[in-house]
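Subject: Structure for your files

Hello,

Here is the structure I said I would pass on. My notes on what was found in it follow below.

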Amino acid sequence: MNANKPHVYVLPFPVQSHINPMLEFSKCLASNTNLINVTFLITTITNKSIIKLPPNSSITFESISDGSEETQEPQNSADFRRLENIVYKKVTKFFIDQQKSSHTTVVYDSVFPWMLDDIAHQHGLLGASFFTQSCSVSAIYYHIKQGLLSFPFEDQSELDLPFLPKLQTNDLPALEKVMDSNHTMLEVLVGQFSNLEKADFVLFNTFDELEIEVVQWMMTCWTIKTIGPTHSLLQNDVVNTPHKNNQMINLFEPNQEACRKWLDSKETSSVVYVSFGSLASLEKSQIEELAWGLMMSKCSFLWVVRASEEHKLPPNFTSLACERGLIVNWCTQTQVLAHHAVSCFLTHGGWNSTMEGLSYGVPLIVMAQWVDQTTNAKFIEDVWRVGVRVRGSENGMVSKEEVCMCVVDIAQGDKGRELRLNASKLKKLAEEAVGEGGTTTKNIEDIVSRIMCF
């Protein structure tokens, strides 16, 4: 490591959906410029869970204690404060011990706003807040902070919030599913804006054309830089050689070879890809409805069911479905979505999955679970028109009939062809954003220039 180079330290929140967008950005800074040293800070929880670190990485990894060596790992939103307090102390000590020069930048997860005042600016460093959710969802949290919305949300037929499309109450983030009696998670989400006006950069894993109105408004408030889709930043590694591992951090072992061979045996646009990400946990009864709905559709399907969720499958389902479906514990999602056999993506609608689906021009069927996913689903169906939302009953259960209908309509019907055309247009815009002269490329060039001149 060249001690004379500017140095960037990156600290994500320790879950896979936050880690990998920040890791992709870190690798982009390190490998595309070769002018900056980058250190990626991973907490004990992440370090214990990582299957393997990216090989031959251009960045350095450092472990920071989060206290999980001595106590239980976080199980709910209230535990966030305990983890945060420990990480705060350990990160503060880390930066004091390292005696950082002023030629240093700190990129921190937006849920750690204290990193700006107490670490970066306290030591005379640049500070950049990194948001792993969309600009539109983040704007909703800001409007809550400003008092334009209050939680619990009132049941209204239509909401008119600045710089956002018309929304109904069920289009807002599903916060009640992660809320404790102290509203800890709400405090965390609105707290992202507590000192944002002081940040040297505010980074979003999105691209300008996807959320143009809200991005332009945010630019009048903060030093916004859209830097997405982050998974496409190193296109030579991922797009041109999709068979290679894209060097993400995996907290689950991917069954990539099995996925590739199975997909290679399928016809173009014949497979429904199903995945609910690294955190969402469906009820057993919902898993069963989903399973039988996929079977009723008579479509081929590749379904990611984490090992911790396998017991919720119907008895003997894996063997019953073997002629039509492949069930794996994990996969490299970008490689699956890039495969010609994939017709559509049945997803929880997390922001990473949404961005990846859009970037590969794959129509989405969204079964939103919590937090931002309900709002992402609204944009997918009604704003970008690249997918549909499944409709549940009054108790939220999605029937096998609904699953079957959505899958058949999108995988085989006219609706799917229309959505695929719209998705291909967004795919092109995403490619332009990360291409030469694109908005994302220019933004990263601006960030690098500021870091180099600081």
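Helices here are DSSP runs of H or I with at least four residues, numbered from the N terminus. Please keep in mind that this is a predicted model.

Salt bridges

The count comes to 19 salt bridges.

E257 and K261 meet through their side chains, with 4.0 Å from N to O. Because E257 and K261 are four residues apart in helix 9 (residues 256-264), about one helical turn separates them. E257 counts as partly exposed because its relative accessibility is 43%, and K261, at 54%, counts as exposed.

E84 forms a salt bridge with R81, and the closest N and O atoms are 2.8 Å apart. Both residues lie in helix 3 (residues 79-98), where E84 and R81 are three residues apart, about one turn of the helix. With a relative accessibility of 9%, E84 counts as buried, since the cut-off for buried is under 20%. R81 has 28% relative accessibility, so R81 counts as partly exposed.

In helix 14 (residues 373-383), D382 and K378 are four residues apart, about one turn of the helix. Their salt bridge has its closest N and O atoms 3.0 Å apart. D382 is partly exposed, with a relative accessible area of 33%, while K378 counts as buried at 12% relative accessibility. D382 and K378 also belong to one network with D171 and R389, joined by salt bridges that share partners.

Pocket and cavity

The second largest pocket holds about 970 Å³ of space. Its lining has 31 residues, and K177, A368, Q369, T374 and G396 are the closest to the centre of the pocket. By type, the lining of this pocket divides into 14 nonpolar, 10 polar and seven charged residues.

There is one cavity of 30 Å³ or more. The largest cavity has a volume of about 100 Å³. Residues S275, F276, G277, A280, L282, I287, W303, V304, V305, R306 and E309 line the largest cavity. Seven of the residues in that lining are nonpolar, two are polar and two are charged.

Backbone

Most residues other than glycine have a negative phi, and most peptide bonds are trans. The following places depart from that pattern.

The peptide bond from F151 to P152 is cis, with omega near 0 degrees. P152 sits in the loop between helix 5 (135-145) and helix 6 (184-191). Another cis peptide bond joins G228 and P229, with omega about -5 degrees. P229 is placed in the loop between strand 7 (224-226) and helix 8 (235-238).

H183 is not a glycine, yet has a positive phi of about 55 degrees. H183 is found in the loop between helix 5 and helix 6, and is partly exposed at 27% relative accessible area. K298, also a residue other than glycine, has a positive phi near 60 degrees. The place of K298 is the loop between helix 10 (284-297) and strand 9 (300-304). K298 has a relative accessible area of 62%, so K298 is exposed.

Regards

Note on methods: Residues are numbered from 1 along each chain as its sequence is written. This is a predicted model: local features need pLDDT of at least 70, side-chain atom pairs count only at pLDDT 80 or more; totals for chains, interfaces and linings use all residues. Side-chain values use heavy atoms; hydrogens and water are left out. On a 1 Å grid over the protein atoms alone, a cavity is a set of points where a 1.4 Å probe fits but cannot get out, and a pocket is an open set with protein on both sides within 12 Å along at least five of seven lines; lining residues have an atom within 4 Å of a point. Grid points are joined across faces, edges and corners, and a volume is the space filled by probe spheres set on the points. Ala, Val, Leu, Ile, Met, Phe, Trp, Tyr, Cys and Pro count as nonpolar, Asp, Glu, Lys and Arg as charged, and the others, Gly among them, as polar. Helices (H or I, at least four residues) and strands (E, at least two) are DSSP runs, numbered from the N terminus. Buried means under 20% relative accessible area, exposed over 50%, partly exposed in between (1.4 Å probe, protein chains only).
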